[in-house]
Amino acid sequence: MKLLRSLASICLLAAAALSVPTQEKRVHHQADLSDRAHDDSHGFQYDHEAFLGKEEAKTFDQLTSEESKDKLAMIVDRIDADKDGYISHAELHHWIKHRQRRYIEENVNKHWKDYDKNQDGKIGWEEYKNTTYGFYLGEEFDDVEDKATYRSMLRRDERRFKTADRDGDGIATREEFTAFLHPEEFDYMKDLVVQETVEDIDTNRDGKININEYIGDMFSPESGEKEPDWVQTERKHFHEFRDTNKDGYLDNAEVAHWVLPGEVDHADNEAKHLIHETDTDKDGLLTLSELLDNSDYIITSTITDFGGMRVDEHDEL
């Protein structure tokens with residue numbers, strides 16, 4: 001059912017694993033570059049996966065040495081956006097971020113065809129609304145048990161769509177549709193992420209979050225059930241860390257600090273690290289020959305399935 005599938009995909013928490021404790025699901029962290037430890041003294045697996053994508057770091061050992069070097073040359077050509085023969089820090093940073101965000105791109109691609117009904121490469125609000133809610137709109141949600149909830153979801157979707165639509169033309173480009181599906185990834189959408197978080201938790205609708213609402217969002221005790229230790233810890237976190245102005249509530253700024261924490265840019269650090277380790281002439285730029293001369297950082301039996309890195313017109317940066 002398209003409605004349910006769509007709602008699942010655009011839910012702010014949809015990307016969180018079910019095993020993650022509830023109190024952590026609202027916090028949006030950057031995707032990891034690799035599951036490996038970043039310790040060059042024990043191998044370069046982290047660098048391989050950061051450069052080539054951790055989902056593809058499985059079967060590159062099936063390639064011969066010459067094949068792997070040919071594939072590396074193709075990848076380097078793609079990273080070199082301005083085609084000047086050199087890879088700058090900015091180009092490498094952009095590439096690693098691209099690999100890091102691959103899961104987002106795959107999610108957007110999966111839904112794009114569902115909503116771009118006229119196949120013009122854009123998605124209008126009416127296209128999205130009719131595909132998602134069209135079955136119910138004619139009856140004003142009369143066939144839905146909880147009409148108020150569905151009307152609220154429609155209003156929320158429309159607000160998010162319009163916020164993502166930066167030029168206000170009512171039509172989402174692929175970039176704008178990505179912002180709609182994954183608002184936490186875009187700076188201009190972060191106020192909306194905070195607003196939606198407050199709306200989800202603020203049950204008394206006073207525009208802020210008190211301790212009972214904060215705990216209630218993550219734990220609903222059964223009759224007579226004792227609070228587990230982690231809930232007690234969260235109460236302490238609310239008062240000591242979340243509520244920075246000590247007024248007993250979380251306002252928008254405090255919610256933003258909670259759910260959108262500032263983080264180290266791991267892609268930037270990895271780009272600097274790779275340049276430092278492979279830039280033989282120390283000019284701050286990488287060439288294909290430098291990468292091939294230092295290929296241990298990129299090519300070993302532990303790295304990548306090039307099937308996920310194929311170079312064709314459908315796999316865009």
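At 72% relative accessibility, Lys113 counts as exposed, where exposed means over 50% relative accessible area, buried under 20% and partly exposed in between, using a 1.4 Å probe and protein chains only. Lys113 is found in helix H6, residues 102-115. Its C-alpha atom is separated by 9.5 Å from that of Ile123, which sits 10 residues apart from Lys113 along the chain.

Before we go on, here is what kind of model this is. This is a predicted model, in which local features need pLDDT of at least 70 and side-chain atom pairs count only at pLDDT 80 or more, while totals for chains, interfaces and linings use all residues. Residues are numbered from 1 along each chain as its sequence is written, and side-chain values use heavy atoms, with hydrogens and water left out.

**Confidence and overall make-up**

The pLDDT is the predictor's confidence in each residue, from 0 to 100. Its mean for the protein is 77, and 69% of the residues reach 70 or more. Over residues 1-24 the pLDDT is below 50, and this stretch has 46 contacts in the model beyond near neighbours in sequence; a contact means heavy atoms within 4.5 Å. Residues 33-48 also have a pLDDT below 50, with 44 contacts beyond near neighbours in sequence. Where pLDDT is low, the predicted coordinates should not be read in detail.

The protein has 15 helices and 4 strands. Helices (H or I, at least four residues) and strands (E, at least two) are DSSP runs, numbered from the N terminus. Of the 317 residues, 41% count as buried. Among contacts with a separation of 6 or more, 63% come from residues 24 or more positions apart.

**Spans listed in UniProt**

An unreviewed UniProt entry lists residues 67-102, 103-138 and 152-187 for "domain: EF-hand". UniProt positions are given in the numbering used here, feature names are shortened, and annotations may be inferred rather than shown by experiment. Two of these spans are described below.

| Span | Helix | Strand | Distance between end C-alpha atoms |
|---|---|---|---|
| Residues 67-102 | 72% helix | 0% strand | 24 Å |
| Residues 152-187 | 58% helix | 6% strand | 25 Å |

**Helices that meet**

Two packed helices are described by the angle between their axes and the distance between the axes. Axes are lines fitted to C-alpha atoms, for helices over the stretch in contact, and angles run from 0 to 180 degrees between N-to-C directions. The axes of H4 and H5 come within 9 Å and cross at roughly 110 degrees. That makes H4 roughly perpendicular to H5; angles under 35 degrees count as roughly parallel, over 145 as roughly antiparallel, 65 to 115 as roughly perpendicular and the rest as oblique. From H4, Ile75, Arg78 and Ile79 make the contact, together with Glu91, Leu92, Trp95 and His98 of H5.

Lys83 counts as partly exposed, at 49% relative accessibility. Not counting residues up to four places away in sequence, Lys83 touches Asp77 and Arg78.

Another lysine with a positive phi of about 55 degrees is Lys246, found in the loop between helix H12 (229-242) and strand E4 (249-250).

Further along, the axes of helix H10 (residues 190-201) and helix H13 (residues 252-259) come within 9 Å and cross at roughly 100 degrees. H10 and H13 are therefore roughly perpendicular to each other. Here Val194, Thr197, Val198 and Ile201 in H10 meet Asn252, Val255, Ala256, Trp258 and Val259 in H13.

**Buried positions in helices**

Is Thr131 buried or exposed? Thr131 counts as buried, at 15% relative accessibility, and its place is in helix H7, residues 125-137. The C-alpha atoms of Thr131 and Asp116, 15 residues apart along the chain, are separated by 9.5 Å.

Helix H14 (residues 266-278) has 13 residues, which at 1.5 Å a residue should span 18 Å, and its end C-alpha atoms are 18 Å apart, which agrees. The expected span is 1.5 Å times one less than the number of residues. Among the buried residues of H14 are Ala267, Asp268, Leu274 and Ile275.
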